[in-house]
Amino acid sequence: MQFDFSPEQQQLRDMTRRFFSESDSISTTRKQLEGETGVGQPLWQGMAEIGLMGVITPETYGGTGAGYLELCVIAEEMGRGLVSSSFSSSVYLATQLIIEFGSEKQKQFYLPKLASGECIGTFALNEGATCLSTPVLKTQAVNGRIDGLKKPVPDADVADFSIVAARSASGHNVDLYLVDLKGEGVAIDTLSTIDPSRPQSVITFSNALSEPLGDAKEAWDRVVNIMDRAAVLFAFEQLGGAERAMEVARDYALTRMAFGRQVGSFQAVKHMLADIYVAVTLARANAYYGAWALSVAADELPQAAATARVSATQAFQLASTNNIQVHGGMGFTWEFDCHLFYRRSNALALSLGSLSYWKRRLVKELQNGIHC
Amino acid sequence: MNFDDSASDAEFRSEVRQWISDNAPHEWAQDLEKSIYGELNPSLQAADSLDVAKAWQKKKYDSNWACLTWPKIYGGRAASAIQQVIWSQEEGVYEKLARPFFLGHGMCGPTLMEYGTEDQKQRYLPMMASGEEVWCQLFSEPAAGSDLAGLRTRAEREGEGWRINGQKIWTSGAHQSDFGMILTRTDAGVEKHKGLTMFFLDMRSPGVDVRPILQMSGHQDFNEVYFDDVIIPDSQRIGEVGQGWQVSLATLMNERLSVGSTMPTGFSELLELCCNLSVDGTLAIEDYAVIDTLADLAVRDSGLKYTSFRSMTSLADGNIPGPESSISKLVAASAMQEIAQFALDIQGPSGLISGQDSQLAEGRFQAMLMRSPGARVEGGTDEILRNIIAERVLGLPADIRVDKGIAFNKIPSA
């Protein structure tokens, strides 16, 4: 039984943790939240220099060709550091989609630039209230031109290009296209959201030039598979954030005094933190299940991904909510970092599709598993 | 990141699998599959099931498959922790037959090994391992459950031996035990933890009175045990006088080895129920309300399973598992209660029907409903477990103790 990351992967974790800590990633997140522009550049540079963007890109396309387990380790540290960057869009989504679907020419053009960080990509899927479970998209591509409205789209404010999901000619499926976000017919507006440190935009495509992404026609099932993989990676971010929020709450409870003793000596507070520890521990176990399924492309990836996502979402929301509670009035201030965790936990709970989708997916897989 | 055995563990596993296949009491397999909490079959007398259990234990012992991690001279095999886990996995349903020996093998034996004299170990450990002698744990009392150190059963010097008076409660298996390990108070004039001494005694000694307790579930697994001037020799003392508390802590290390088996929550039975039960013309599993609850329970069940895999990984590497295993009972016990209540809810009014009259899952969920409150209390209440996690894992301060630094006989009580 070796249900853990390898010593080398743990070294990568330590190095990545040190990097984000020394770069004071939370400070950058706060600045981003407070509306300062361009603050993410130095951090992005640093991340590129230590090769974070290229871990799942094969060496022939300029990556380090490490693998999913390394990416999971990095994702957890990104979550712990509350990192504000377009890493998830560019790597979990854009890079993945191009590796999965792209033509040889597209792979050779985009992958090295994505791996080096010089190019940023994203994935435009959502259309307001569109549910992830059925391809009822309105966006269409006709003769290589895209028309439609996508929102919210993560990191479109800084991305160079986007992969766009459009309705297939058959009407019941999805085709994927590559669009240059600096091209004509593309209007991008940043949206006001609950977590401005992970910017979201609305994109209006009006007769925008596009090229089909490789062989991504009638590709819904394979798109869903990419989203399953992203769910595991996001689960690791949520896990890192949850554990860090728990530690911040615990540390505060040890220093803050009331009624002549540490607030952490009161059972109500102790039990609240114990419950967070339980949720985080369950989430870690479930995230590792997801990591295993990713690393061996297991048939049960859908079940593992949904399990990891539901568990991590619940843990992060609980940890960030009760982190505020432990801090009392100070937890409610802008000045304290509590709301950064709270915003991030609630944003990550939604951006890849809500729990109602993932719970349905999980139970469907469980049903299939017992041939129900 | 894999679930594979190392080469040597794989070899061990196939040896175990072969032996079990050749030797296990397969005629009981079906009954064991269906049994809830170790009852072989509700209609079998308790005495019969103990005979079956003892026969299997002796068979294992005779081939060196009992108490695997114990030293060979005491009846074990000097196996590693991960080998013990592998054995448990392979033993499968037959492990339910080991229930009568749980406390002996898991607590009394290790305590003797750490604090007993060589004479005590040689005389008692092999017979404990073989199941020929059954042991119970005489710790809790009416006034001392969570606050175990507040116990009152006293042992007073009587010539060369000791005289014991008092009462123990919640003693599992006392009615079928040959020996019991008993924690007593030998000095009420000092702080409560310092005045305790551990002994063991023959459960058939004059003055020992075992009375079954009827549980809310209708079963009788627990007992009260009364001690009325019970005389025992000093050779049955374990550890020094006044060292009883430290001796009682010897079992904690051993609890970590039980990480191999996950406590059942009933989730897989619930899933099956939801897949097959029609409610108002729709399959339960198609209803989002059911899906929502099932998913929440699924991730707790899954989280427990993979947490135990993480602990097993530590054992396989020859390390002590981390603190993650402290969540197990806390999560599993209340998950079981919630699963039981939910399963009954989707059955509607027929959820009231229990036992053999229930047409759904043979009344398992109704039995779980009645058993689960005990699971949230025994072996550490949910509240104590939360305190332990907060203090020992998260480093938060201990509760304020108003009985610290006071002689036991000065502590206020009801």
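I take a salt bridge to be a side-chain nitrogen of Lys or Arg within 4 Å of a carboxyl oxygen of Asp or Glu. With that cut-off in hand I went through this predicted model, and I begin with the pairs inside chain A before turning to the interface.

**Entry 1: charged pairs**

**Entry 2: H4 and H8 of chain A**

I next followed two helices of chain A, H4 (residues 68-80) and H8 (residues 267-295), whose axes come within 9 Å and cross at roughly 150°. Angles over 145 degrees count as roughly antiparallel, and I therefore note H4(A) and H8(A) as roughly antiparallel to each other. From H4(A) the contact takes Tyr68(A), Leu69(A), Cys72(A) and Glu76(A), while H8(A) supplies Arg284(A), Ala291(A), Leu294(A) and Ser295(A). By class I recorded five nonpolar residues, one polar and two charged in this contact.

**Entry 3: the interface of chains A and B**

How many residues does each chain bring to the contact? I have 51 residues from chain B and 47 residues from chain A, and together the two chains bury about 4300 Å², of which 70% is on carbon and sulfur atoms. Across this interface the rule finds five salt bridges, and I looked up Asp275(A) with Arg386(B), a salt bridge in which the closest N and O atoms are 2.6 Å apart. I also have 21 residue pairs in polar contact between chain B and chain A, both residues being at pLDDT 80 or more.

On the side of chain B that touches chain A, the elements giving two or more residues are H9 (267-276), H10 (288-316), H11 (328-347) and H13 (382-393), each a helix of chain B. H10(B) gives the most to that side, with 19 residues. By class, I noted that the side of chain B touching chain A has 29 nonpolar, eight polar and 14 charged residues.

**Entry 4: H11(A) against H10(B)**

I then looked at how H10(B) meets helix H11 (residues 355-369) of chain A, and found that the two axes come within 9 Å and cross at roughly 80°, so that H11(A) and H10(B) are roughly perpendicular to each other. On the H11(A) side I listed Leu355(A), Ser356(A), Lys359(A), Arg360(A), Leu362(A), Val363(A) and Leu366(A), which meet residues of H10(B) including Tyr288(B), Ile291(B), Asp292(B) and Val299(B). The residues of this contact divide into 10 nonpolar, one polar and four charged.

**Entry 5: backbone details**

Where does a cis peptide bond occur in chain A? I found one joining Lys151(A) and Pro152(A), with omega at about -10°, and I placed Pro152(A) in strand E3 (residues 145-154) of chain A. In chain B I looked up Asn64(B), a residue other than glycine whose phi is positive, near 65°, and which belongs to the loop between helix H3 (46-62) and helix H4 (81-91) of chain B.

Technical notes:
Residues are numbered from 1 along each chain as its sequence is written. Chains are lettered from A and ligands numbered from 1 in the order in which they are written. Side-chain values use heavy atoms; hydrogens and water are left out. Contact means heavy atoms within 4.5 Å. Buried area is the accessible area (1.4 Å probe) that two parts lose on being put together, summed over both. A polar contact is a pair of N or O atoms within 3.5 Å; within protein, one must be able to donate a hydrogen and the other to accept it, and residues adjacent in sequence count only if both atoms are side-chain atoms. Helices (H or I, at least four residues) and strands (E, at least two) are DSSP runs, numbered from the N terminus. Ala, Val, Leu, Ile, Met, Phe, Trp, Tyr, Cys and Pro count as nonpolar, Asp, Glu, Lys and Arg as charged, and the others, Gly among them, as polar. Axes are lines fitted to C-alpha atoms, for helices over the stretch in contact, and angles run from 0 to 180 degrees between N-to-C directions. Angles under 35 degrees count as roughly parallel, over 145 as roughly antiparallel, 65 to 115 as roughly perpendicular and the rest as oblique.
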